[in-house]
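Subject: Structure handover

Hello,

Please find the structure below.

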Amino acid sequence: MSKHNTADLTTFSKLTKKKQKAIKMMFEGDLTIKEIAQELHCGERTLYSWKNDALFIKAQNEYAIHVLNNALPESIKELIGLIQHGKSEMVKLQAIQTVLKHANLLSDNSTPELDKARIRKANACLLYTSDAADDLTRV
């Protein structure tokens, strides 16, 4: 997988190496604040102070977006693989729905009223098609 350039890490790159490492460790989520503080040879209060600093928060967000952007190509490849080779129809359907939702071709915005309207429309189409088929068979 190719890495995106680090131009999207403007704020992150302005931080000290220690703060950058703290952000990476916090993002990974494997260690507690206490363990991160020990690893970085600083106090827990220092980490909490950094976590409340606007620049540090902005850098955390930048880093998270950077990591997710790097994961995107592999995620898309995996979804395509699930669509093509999923072990069950449900897995394939869920992968297809995910792709369609992210392409803004499928909406999560469903309400009972909207669902009822869709059912009425589908039933009307079915009746119309059925009547048209009956008309064709009578000819």
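An axis here is a line fitted to C-alpha atoms, for a helix over the stretch in contact, and angles run from 0 to 180 degrees between N-to-C directions. Helices are DSSP runs (H or I, at least four residues), numbered from the N terminus.

This is a predicted model, in which local features need pLDDT of at least 70, side-chain atom pairs count only at pLDDT 80 or more, and totals for chains, interfaces and linings use all residues. Residues are numbered from 1 along each chain as its sequence is written, and side-chain values use heavy atoms, with hydrogens and water left out.

Helix packing

Helix H3 (residues 33–40) and H4 cross at roughly 105°, and their axes come within 8 Å. That makes H3 roughly perpendicular to H4 (65 to 115 degrees counts as roughly perpendicular). In contact (heavy atoms within 4.5 Å) are Ile-33, Lys-34, Ile-36, Ala-37 and Leu-40 of H3 with Glu-44, Leu-47, Tyr-48, Trp-50 and Lys-51 of H4. This contact of H3 with H4 has seven nonpolar, no polar and three charged residues. Ala, Val, Leu, Ile, Met, Phe, Trp, Tyr, Cys and Pro count as nonpolar, Asp, Glu, Lys and Arg as charged, and the others, Gly among them, as polar.

Helix H4 (residues 44–51) also packs with helix H2 (residues 17–28), at an angle of about 85° and with the axes 12 Å apart. H2 and H4 are therefore roughly perpendicular to each other. On the H2 side the residues are Lys-18, Lys-19, Ala-22 and Met-26, which meet Leu-47, Trp-50 and Lys-51 in H4. The contact of H2 with H4 divides into four nonpolar, no polar and three charged residues.

Aromatic pairs

How many aromatic pairs does a search of the whole structure find? There are three (ring centres of Phe, Tyr and Trp, the last by its six-membered ring, within 6.5 Å). One of them joins Phe-27 and Tyr-63 edge-to-face, at 5.5 Å centre to centre and 90° between the planes (over 60 degrees counts as edge-to-face). Phe-27 lies in helix H2 and Tyr-63 in helix H5, so the pair ties together parts that are 36 residues apart in sequence.

Regards

Conventions. Helices (H or I, at least four residues) and strands (E, at least two) are DSSP runs, numbered from the N terminus. Angles under 35 degrees count as roughly parallel, over 145 as roughly antiparallel, 65 to 115 as roughly perpendicular and the rest as oblique. Rings of Phe, Tyr and Trp (its six-membered ring) pair if their centres lie within 6.5 Å; planes under 30 degrees apart count as stacked, over 60 as edge-to-face and the rest as tilted.
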